[in-house]
Amino acid sequence: IVTMESQMSLEIETKQKTIESKDSQIALGESLLIEKDSTIERLKVKLKKLQHQLHFLHWKKVADMPMAPSRPQSVLIHNKVFVASRINSHDVLKYDTSSGQWSVLPSCPVEYFGIGQLSGKLITVGGGYKQATIFTSAIRGIIGDLYVYNGMTQLWEKSIPPMPTPRAYPTVVTYRSSIAVCGGYGGERVVEVFNSIISQ
């Protein structure tokens with residue numbers, strides 16, 4: 001009887017070990033499946049990023065502009081591209097990269113301005129007014145004003161102090177919270193910087 005009980009105990013113990021071994025194998029298999037799924041998801045994310053990058057590695061024609069800017073200048077703000085003429089125009093065009101559509105903003109109060117962006121807002125810098133006669137087509141009233149476009153009200157606002165040096169069609173460069181205004185008619189060699197945080 002004792003021998004039979006010992007054999008039964010041994011068989012039970014063996015079966016328990018077998019079950020534990022199978023449970024361990026199942027757990028290991030589940031862990032490997034989870035790790036595999038995680039690896040697949042990471043690869044999918046990498047593939048999506050690669051596809052996104054490849055999308056920009058070739059030329060693609062988009063919708064034509066509604067008008068042809070003269071000596072165009074442009075700036076990118078978020079997913080919008082703004083294009084304006086350097087001369088003879090109050091117009092600013094906006095291209096929405098999401099919808100692929102162009103639109104025309106309300107006319108800027110001046111012409112001959114430079115465009116840029118500050119704190120995510122479209123700005124025009126400097127400018128003047130055309131004085132055309134039968135003898136000349138000169139710029140008059142060169143200014144140092146900056147206009148900020150308010151997308152909510154669709155108005156151009158003077159919310160930034162004017163530049164010390166009035167000028168027309170300057171080059172505008174944005175770096176973080178500052179803009180640098182370089183050259184332009186009336187300020188050919190002048191570079192001035194405005195910091196929006198300290199407002200000077």
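How much accessible surface does the protein have, and what share of that surface belongs to carbon and sulfur atoms? The accessible surface comes to about 13,900 Å², and 58% of it belongs to carbon and sulfur atoms. Areas like this come from the Shrake-Rupley method with a 1.4 Å probe, and for residues only the protein chains shown count as cover.

## Before you dig in

This is a predicted model, where local features need pLDDT of at least 70 and side-chain atom pairs count only at pLDDT 80 or more, while totals for chains, interfaces and linings use all residues. Residues are numbered from 1 along each chain as its sequence is written, and side-chain values use heavy atoms, with hydrogens and water left out.

## The overall layout

The protein has one helix and eleven strands. Both kinds of element are DSSP runs numbered from the N terminus: helices are H or I with at least four residues, and strands are E with at least two. Walk along the sequence and you get the pattern α-β-β-β-β-β-β-β-β-β-β-β.

Of the 200 residues in the protein, 30% are buried. Here, buried means under 20% relative accessible area, exposed means over 50%, and partly exposed is in between (1.4 Å probe, protein chains only). Now for contacts, meaning heavy atoms within 4.5 Å. Among contacts with a separation of 6 or more, 35% are between residues 24 or more positions apart.

## Nonpolar cores

In soluble globular proteins, nonpolar side chains tend to be buried together. A nonpolar core is a set of buried Ala, Val, Leu, Ile, Met, Phe, Trp, Tyr and Cys residues joined through side-chain atoms within 4.5 Å. The largest one here has 15 residues, and those with the most contacts inside it are Phe82, Val92, Leu105, Phe113, Leu122 and Trp156. Strands S1 (73-77), S2 and S7 are the elements that give two or more residues to this core, and S7 gives the most, with three.

Take a look at leucine 105. Leaving aside residues up to four places away in sequence, leucine 105 touches Phe82, Val92, Lys94, Leu122, Tyr149 and Trp156. There's also a second, separate core of eleven residues, including Ile123, Val125, Met163 and Val172.

## Salt bridges

The structure holds five salt bridges, each a side-chain nitrogen of Lys or Arg within 4 Å of a carboxyl oxygen of Asp or Glu. In one of them, lysine 44 pairs with glutamate 41, with the closest N and O atoms 3.8 Å apart. Both residues lie in helix H1 (residues 2-55), three residues apart, about one turn of the helix. Glutamate 41 is partly exposed, at 45% relative accessible area.

Other pairs link strands. Lysine 80 and aspartate 96 meet at 3.8 Å, N to O. Lysine 80 sits in strand S2 (residues 80-84) and aspartate 96 in strand S3 (residues 92-96), so the pair ties together parts 16 residues apart in sequence. Lysine 158 and aspartate 145 meet at 3.1 Å, N to O. Lysine 158 is in strand S8 (residues 155-160) and aspartate 145 in strand S7 (residues 137-150), so this pair ties together parts 13 residues apart in sequence. Lysine 158 counts as exposed at 54% relative accessibility, whereas aspartate 145 counts as buried at 18%.

## What about disulfides?

A disulfide is a covalent bond between the sulfur atoms of two cysteines. The working rule is a pair of cysteine sulfur atoms within 2.5 Å, and by this rule the count is zero. As for cysteines, cysteine 108 is buried, with a relative accessible area of 2%, and cysteine 182 is partly exposed at 28%.
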